[in-house]
Amino acid sequence: QVQLVESGGGSVQSGGSLRLSCVTSGYTDSNYPMGWFRQAPGKEREGVAAIDSSTYYADSVKGRFTISRDNAKNTLYLQMNSLKQEDTAMYYCAAGRGVLGRFWRDLYMYNSWGRGTQVTVSS
């Protein structure tokens, strides 16, 4: 059974940093794409960053967020720097299959999701 568990969220002031982690279990190999999504109250879930053989970023986080993975630890990371109030949301990690390419933001590319970790950025 595949499981994804996020951690690392919290409350931080504008300009601060957080690193999110997502530990996966139940996969037989490490060759699967992964992504980070976020959802603010009243808004749709949106793609933040993703990784397969390439990395992908939403324009709103380029230059501030970095996605990475450690296959030996079955862990996906999202380093978030220069946080802004508009980054406040529940953050979810997701795992999919195949190659993401230009569809990396599409929810249907992912078939396993974590329960999320809350990130709150205050002024």
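Here is a short chat about how to read this predicted model.

Me: Before we start, what should I know about the model and its numbering?

Reply: It's a predicted model, so to speak of local features we need pLDDT of at least 70, and side-chain atom pairs count only at pLDDT 80 or more, while totals for chains, interfaces and linings use all residues. Residues are numbered from 1 along each chain as its sequence is written, and side-chain values use heavy atoms, with hydrogens and water left out.

Me: How many helices and strands are there?

Reply: Helices (H or I, at least four residues) and strands (E, at least two) are DSSP runs, numbered from the N terminus. Here the protein chain has 0 helices and 11 strands.

Me: What does the radius of gyration say about the protein chain?

Reply: The radius is taken over C-alpha atoms, and the globule rule is 2.2 Å times the number of residues to the power 0.38. For 123 residues a compact globule would come out near 14 Å, and the protein chain has 13 Å, which agrees. Along the principal axes, the C-alpha atoms fill a box of roughly 45 × 25 × 25 Å.

Me: Which cysteines form a disulfide?

Reply: A disulfide is a pair of cysteine sulfur atoms within 2.5 Å. The structure holds 1: Cys22 pairs with Cys93, with the sulfur atoms 1.9 Å apart. That pair links distant parts of the chain, since Cys22 sits in strand E3 (residues 18-25) and Cys93 in strand E9, 71 residues apart. The link of Cys22 and Cys93 is right-handed, with 45° about the S-S bond, and both cysteines are buried.

Me: Where does Asn74, with its positive phi, lie?

Reply: Most residues other than glycine have a negative phi. Asn74 isn't a glycine, yet its phi is about 50°. Asn74 lies in the loop between strand E7 (65-70) and strand E8 (75-80), and at 38% relative accessibility it counts as partly exposed.

Me: What about Ser82?

Reply: Ser82 also has a positive phi, near 50°. Ser82 lies in the loop between E8 and strand E9 (89-96), and its 41% relative accessibility makes Ser82 partly exposed.

Terms used:
Buried < 20%, exposed > 50% of the residue type's maximum accessible area, 1.4 Å probe, protein only.
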